[in-house]
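Subject: Structure for you to look at

Hello,

Here is the structure I promised to pass on. Please open it first, then read the notes below it.

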Amino acid sequence: MCNSTLLKPIKIGNKVVPNRFAVNAMEGTDADEHGNPSELTYKRYEKFFEGGSAFIDLEAITCQTECVSSNNQLCIMKENEEALTKFVKHLKAINSDNVFVFQLTHAGELGNPHFSKALRVTKEPLPGYEHAEFIDEEKVEEIMQQLVEGAVIAHNAGADGIDLKLCAGYLGSQILRPFNKHEWKYGGSWENRKQFAIDLVERIKAAVNDPDFIIGSKISLYEGFPGGQGTMGPDSAVMDLTESIDLIKTLEEHGASYILTTCGAPMHTLNLVKPSKEDPYIAYLGQYFQKVCRDNMKPETVVIGGGYSIFANGKQPNFHAVLPEKNSLLFWGDKMIQDGVTDMIALGRQSFRDAAIPKKLAEGKEDEIKWCSGCDQCSLLLITPNYTGCVTEPYYAQKIPSALEFLGIK
Ligand SMILES: Cc1cc2nc3c(=O)[nH]c(=O)nc-3n(C[C@H](O)[C@H](O)[C@H](O)COP(=O)(O)O)c2cc1C
């Protein structure tokens, strides 16, 4: 039996869960034509639940279909409630010793105009998003109402809580970041921008009205481009975490039980979001953001640190000045918890490859863990009209040639 800190219990909200592993939100773009979980969605999540992780973040799920960033995204509207209830019941019957949250998402300017609309809140478009339709306060109010209804449906469906997506360049980020500079209800001053997060949390709390329902948020502490979250101002890329720190403290004050950390935005600064084989050491930067959260929040607010997959078994090439045995996912996860940097570790691509790390560790079968190679073919499938998953599974591997053709790559 492994005595890693990773196998120690922890309390999230009012629930104690058995270990420090989290499955990060990973879109599979495999919902059925109604936005309900399909057979493929069931298969992916069954593996997550069988694997024994203490926290499972249901991928980006949309509360409307007017503005979405990917095809076949899961939906959370009234008409999806029955299917989602069945889904949660099925998964919780496999394993209920976890916190299962739904990641409520709105794409905003990232809405794909080929099959939906792109909507922006900034008068001046972010370069590259000139095509997005500028929306007014009334429309933002409508979107907030949809997100609140999404939270109520998540609660009715049996989810333990929600993850408010304030990261990755989606609508939450678009509102919070300094680039949202013109004065409006949720724009201009930081006080205005952060009010969006406050109103959202307060309205969700009032609508759900259940003290056991967990509210938390995945946050990009630093988006890494001019005017992004965690920068000095609308036209500066210089890192300044003042607003990000105030955001996590504000969310905590208003009842957030956890913060899931990330950085970057996939459409703008992809390598920050997911450290790659070419520049794996970006994962160390992620540890810094986790420490910033841990240092600035109450001990009971759980920090879930992301970006650990690339460490794998420690043998990933392009890491320098470090021994493989002191550079593995299990080494860093254990050390970061012991050092007070994070409380849990969230695994994205590794969860696609093998989500059973907690189970295998607990059973003394560490040598049976299958490690993510960092090939990033799951991301390739995500950005093409395909279902996505780990290409070590033949079902997903066979889709690679058509994905490359779609992108015009030979
Ligand atoms: C295929 C794929 C799908 C993803 N889907 C989501 C998503 O739905 N929501 C989200 O917040 N992040 C999403 N991400 C980002 C991951 O949750 C995670 O932050 C990132 O992959 C870094 O973690 P890792 O190094 O453990 O993979 C996705 C990443 C990939 C590769």
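Let me start with a pair of helices. Glu 81, Leu 84, Thr 85 and Val 88 of α2 are in contact with Ile 153, Asn 156 and Ala 157 of α3. Contact here means that the C-beta atoms of two residues, placed from the backbone, lie within 7 Å. Sorted by class, this contact has four nonpolar, two polar and one charged residues. Nonpolar covers Ala, Val, Leu, Ile, Met, Phe, Trp, Tyr, Cys and Pro; charged covers Asp, Glu, Lys and Arg; the others, Gly among them, are polar.

Before going on, two notes on the source. This is a predicted model, in which local features need pLDDT of at least 70 and side-chain atom pairs count only at pLDDT 80 or more, while totals for chains, interfaces and linings use all residues. Residues are numbered from 1 along each chain as its sequence is written. Helices (H or I, at least four residues) and strands (E, at least two) are DSSP runs, numbered from the N terminus.

Back to the helices. The axes of α2 (residues 81-94) and α3 (residues 137-157) come within 8 Å and cross at roughly 45°. Axes are lines fitted to C-alpha atoms, for helices over the stretch in contact, and angles run from 0 to 180 degrees between N-to-C directions. Angles under 35 degrees count as roughly parallel, over 145 as roughly antiparallel, 65 to 115 as roughly perpendicular, and the rest as oblique. The crossing of α2 and α3 is right-handed, a term used when the near helix is turned clockwise from the far one by less than a right angle.

A second pair is α6 (residues 242-253) and α8 (residues 282-296), which pack at an angle of about 50° with their axes 10 Å apart. The two are therefore oblique to each other. Ile 245, Ile 248 and Lys 249 of α6 meet Val 292, Cys 293 and Asn 296 of α8. Four of these residues are nonpolar, one is polar and one is charged.

Next, the domains. The chain is assigned domain 1 (5-370) and domain 2 (375-410), with bounds from an automatic or database domain assignment. Their C-alpha centres lie 23 Å apart. In domain 1, 11 residues are in contact with nine residues of domain 2. On the domain 1 side, α1 (39-51) and α10 give two or more residues each, and α10 gives the most, with three.

Last, where does the ligand lie? Both domains give residues to the shell around the ligand, so it lies between them. Of the 27 residues around the ligand, Ala 25, Ala 60, Ser 309, Gly 348 and Arg 349 come nearest; a residue is near if its C-beta atom, placed from the backbone, lies within 6 Å. The shell divides into 11 nonpolar, 10 polar and six charged residues. α12 gives the most, with three residues.

Best wishes
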